[in-house]
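Here is a short tour of strands and disulfides, written for a reader who likes to check the geometry. Please keep the sequence and the model at hand as you go.

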Amino acid sequence: MEPGRGAKLLPLLLLQATCFTCAQADGWNDYAAVIQVTNGGPWGDWASPEMCPDGFFASGFSLKVEPPQGILGDDTALNGIRLHCERGSVLGNTQVVESQSGSWGEWSEPLWCRGGAYLVAFSLRVEAPTTLGDNTAANNVRFRCSDGEELQGPGLRWGDFGDWSDPCPKGVCGLQTKIQGPRGFSDDTALNDVRLFCCLN
């Protein structure tokens, strides 16, 4: 799919008015905007956001993915996203941040932007809701780096990638996930949607 511009870049004041959990993040007022996509899943609740330390930007990411569970199993696919934040190019100067994640799956090895580039935009792969069968909601995510490189996570293949979000002016520095908690014997979907925070310095 060609990169689209259908996703919205939310200004800070609008997000403050619509997302009360964002106020829990340390240094919240230092973040300029939040990017999101329009095709996120409908289930679950927004968790508390988690931010890179001041002056750090996300240069890489990893995913928590549950493998296919077979015909009789309950698939949840994408369960979590971690941002790997760096400040400059100093080796070992990396911090990992994670908003709430689902209960199933294992974490992948991180994928990185090259040569000091940062994550600036994303696209989410989501399976559309179905009344018959097993819903999985978000299955995978891909990120665009500030040098134009695109990184696709090791998620599953159900559903379709939607339009790209608008880009951060400089780089991503935090995230907030929408998670459906465990539902016992009912259908689980885990991660449904994500928002990413943009920083300027």
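## Strands and disulfides

Strand 11 (residues 138–145) and strand 12 run antiparallel and are joined by three bridges. Strands here are DSSP runs of E with at least two residues, numbered from the N terminus, and two of them pair if DSSP finds at least two bridges between them. A word on the source: this is a predicted model, in which local features need pLDDT of at least 70 and side-chain atom pairs count only at pLDDT 80 or more, while totals for chains, interfaces and linings use all residues. Residues are numbered from 1 along each chain as its sequence is written, and side-chain values use heavy atoms, with hydrogens and water left out.

Which residue stands opposite phenylalanine 143 in strand 12? That place is taken by leucine 151.

Strand 2 (residues 33–35) runs antiparallel to strand 15, and three bridges join the two. Within that pairing, valine 34 stands opposite phenylalanine 197. Strand 14 (residues 171–179) also pairs with strand 15 in the antiparallel sense, over eight bridges. Glycine 171 has cysteine 199 of strand 15 as its bridge partner.

Now to the sulfur atoms. How many disulfides does the structure hold? There are four, a disulfide being a pair of cysteine sulfur atoms within 2.5 Å. With the bonded cysteines of the protein numbered in sequence order, the pairing reads 1-2, 3-4, 5-7, 6-8. Three of these links, including their sulfur distances, are set out here.

| Disulfide | Sulfur atoms apart |
|---|---|
| Cysteine 113 and cysteine 145 | 2.1 Å |
| Cysteine 168 and cysteine 198 | 2.1 Å |
| Cysteine 173 and cysteine 199 | 2.0 Å |

Take the disulfide of cysteine 113 and cysteine 145 to begin with: the torsion about its S-S bond is about -90°, so the disulfide is left-handed. It links distant parts of the chain, 32 residues apart, with cysteine 113 in the loop between strand 9 (111–112) and strand 10 (119–126) and cysteine 145 in strand 11. Cysteine 113 is buried at 9% relative accessible area, and cysteine 145 is buried at 2%.

The link of cysteine 168 and cysteine 198 is left-handed too, with -75° about the S-S bond. Cysteine 168 sits in the loop between strand 13 and strand 14, while cysteine 198 lies in strand 15, 30 residues apart. Both cysteine 168 and cysteine 198 are buried.

Why is the disulfide of cysteine 173 and cysteine 199 right-handed? The torsion about its S-S bond is about 80°, so the disulfide has that hand. This pair, 26 residues apart, connects cysteine 173 in strand 14 with cysteine 199 in strand 15. Cysteine 173 is buried with a relative accessible area of 0%, and cysteine 199 is buried with 5%.

Methods:
Helix = DSSP H or I, 4+ residues; strand = E, 2+ residues; numbered from the N terminus. Buried < 20%, exposed > 50% of the residue type's maximum accessible area, 1.4 Å probe, protein only.
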